[in-house]
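Me: Could you take a close look with me at one part of this model, the aromatic side chains and the packing around them?

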Amino acid sequence: MTTSETELALETRTGLPDTLRVLIDDYPREAWEADPNFSGLIRFWLDRHLMFRRLAGTMISEAEQALDAAMEERRYGAHLSRYGSMFVGELHGHHAIEDMHYFPVMKTLDARVARGFDILDRDHHAIDGHLAAFAEAANATLRRIAEGQTARDDIAALLGDLNRVQAFLNRHLEDEEDLVVPVLLKYAPTGLV
């Protein structure tokens, strides 16, 4: 990986470089919904991102509650199983559709931001690794709970994993929105439904 690629890696970057944010000046976040090209696709996309943020936040909050003994571990385990499975499965599906269908089309619409879609694709692979680590830690926690053992240490470790996943996911989602939504508003491609 070159220095520039290292700086753009999900785990190290603080945002997209200005060269890839050329459309955000013309299409700032606060004006998206009022734009005549704000479509059902954009609303759906943003709602999916909100769902991922909420699921991560809920799992973090519930891990904290379990550690504070404000939530019984068995109940916590049931919630973790449901929310964790949804989080991992829905993210994988969302990223697969973006990588195979949406990003290849959007990449052709504006050469100035095409490289950004390669960065987002690399993010997806990085997030896969973080999700795999989260799933492994979650499954270990769930096994300990199912065995009737105290899972406090496992939950504490899982909370650390969740905080890392949430930070990387938030960085990715924000950068993706700053790239994708302005492209969709500017070009309103008809083939992306």
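Over which ring does the charged end of Arg82 sit?

Reply: Happy to! This is a predicted model, where local features need pLDDT of at least 70, side-chain atom pairs count only at pLDDT 80 or more, and totals for chains, interfaces and linings use all residues. Residues are numbered from 1 along each chain as its sequence is written, and side-chain values use heavy atoms, with hydrogens and water left out.

The charged end of Arg82 sits over the ring of Tyr83, 4.9 Å from its centre (the criterion is NZ of Lys or CZ of Arg within 6 Å of the ring centre and within 35 degrees of the ring normal).

On to ring pairs: the structure holds three aromatic pairs (rings of Phe, Tyr and Trp, the last by its six-membered ring, with centres within 6.5 Å; planes under 30 degrees apart are stacked, over 60 edge-to-face, the rest tilted). Phe87 and Phe134 have ring centres 6.2 Å apart and planes at 85°, so this pair is edge-to-face. Because Phe87 lies in helix α3 and Phe134 in helix α4, the pair ties together parts 47 residues apart in sequence (helices are DSSP runs of H or I, at least four residues, numbered from the N terminus). Both Phe87 and Phe134 are buried (under 20% relative accessible area, with a 1.4 Å probe and protein chains only).

Phe103 and Phe117 form a tilted pair, 5.3 Å centre to centre with 55° between the planes. Here too helix α3 holds Phe103 and helix α4 holds Phe117, 14 residues apart. Phe103 counts as buried at 3% relative accessibility, and Phe117 at 2%.

Notes. Helices (H or I, at least four residues) and strands (E, at least two) are DSSP runs, numbered from the N terminus. Buried means under 20% relative accessible area, exposed over 50%, partly exposed in between (1.4 Å probe, protein chains only).
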